[in-house]
Amino acid sequence: MPYIRESIITTVDLVGKVHIAPIGIIAEADGWVIAPFRPSVTLDNLTAVPFAVASYTDDVRIFAGSLTGRRDWPLAPVEDCPVPRLEAALAHSVLKVETVSDDPVRPRHFCRVLGQGTHAPFTGFNRAKAAVLELAILVSRLHMLSREKIEAEIGYLTIAIEKTAGPEEREAWGWLMESVTKHLAGEEHGKPASS
Ligand SMILES: Cc1cc2nc3c(=O)[nH]c(=O)nc-3n(C[C@H](O)[C@H](O)[C@H](O)COP(=O)(O)O)c2cc1C
């Protein structure tokens, strides 16, 4: 399996409107592959303007928020790039789409790294941050998972939240758990599952 780096990807449309989405960028040769599912704003934007910025951040509220309708996170301009980065990025890479392997499900955009920047120190691992990231991935796949699998994963991840979370991780966890609760309630009432 390839190495995957969980990032916040910013892209822009033709009029410069910025979109942010959590995306796992895939290491390949000397660049990174962005593989957005169809349909998605990220895919439309990469097709219109073939640049992206990958922001590397330890603020897990941005991962949780972007999945739960809270996309208004502060941005900062990047020199010589049409796309901004997250203000909260510890570091970022400027990515230019060089080739696209089309696919009916998930076209792969191979990107060359045009530049990188570092903005703040990495201050160490935290289990609750990792747990929020895992729950964010689970929330993005709720429609594919059984209730048993969802409840088992959450049971395990809750241990790290209870033992090691600060206020930001608790807030992010709460946003994601609202989505899980809604999803499971919908299932109970026979509605189609949604993420
Ligand atoms: C950590 C993480 C990694 C993700 N990686 C991908 C990815 O590689 N491709 C993708 O299409 N969606 C990925 N998702 C889900 C997207 O963030 C989500 O579906 C998003 O809304 C993309 O659609 P949009 O561009 O229309 O906003 C990921 C979510 C999380 C939390």
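How do the residues of the shell around the ligand divide into nonpolar, polar and charged? Ten are nonpolar, four polar and three charged. Here Ala, Val, Leu, Ile, Met, Phe, Trp, Tyr, Cys and Pro count as nonpolar, Asp, Glu, Lys and Arg as charged, and the others, Gly among them, as polar.

The model is predicted: local features need pLDDT of at least 70, side-chain atom pairs count only at pLDDT 80 or more, and totals for chains, interfaces and linings use all residues. Residues are numbered from 1 along each chain as its sequence is written, and side-chain values use heavy atoms, with hydrogens and water left out.

**View 1. The shell around the ligand.** The ligand is surrounded by 17 residues (a heavy atom within 4 Å). His19, Pro22, Phe37, Val41 and Thr42 are the closest.

View 2. A backbone N or O atom of proline 22 is 2.5 Å from a ligand oxygen atom. For a backbone N or O atom of valine 41, the distance to an oxygen atom of the ligand is 2.8 Å. Arginine 71 places a side-chain N or O atom 3.2 Å from an oxygen atom of the ligand. On its own, the ligand has 620 Å² of accessible area (Shrake-Rupley method, 1.4 Å probe). The protein covers 85% of that area.

View 3. β2 (18-28), α1 (41-48) and α3 (127-140) each supply at least two shell residues. Helices (H or I, at least four residues) and strands (E, at least two) are DSSP runs, numbered from the N terminus. The largest share, four residues, comes from β2. Domain 1 (4-118) and domain 2 (127-188) both give residues to the shell, so the ligand lies between them. The domain bounds come from an automatic or database assignment.

How values were computed. Polar contact = N/O pair within 3.5 Å; in protein donor to acceptor, adjacent residues only side chain to side chain.
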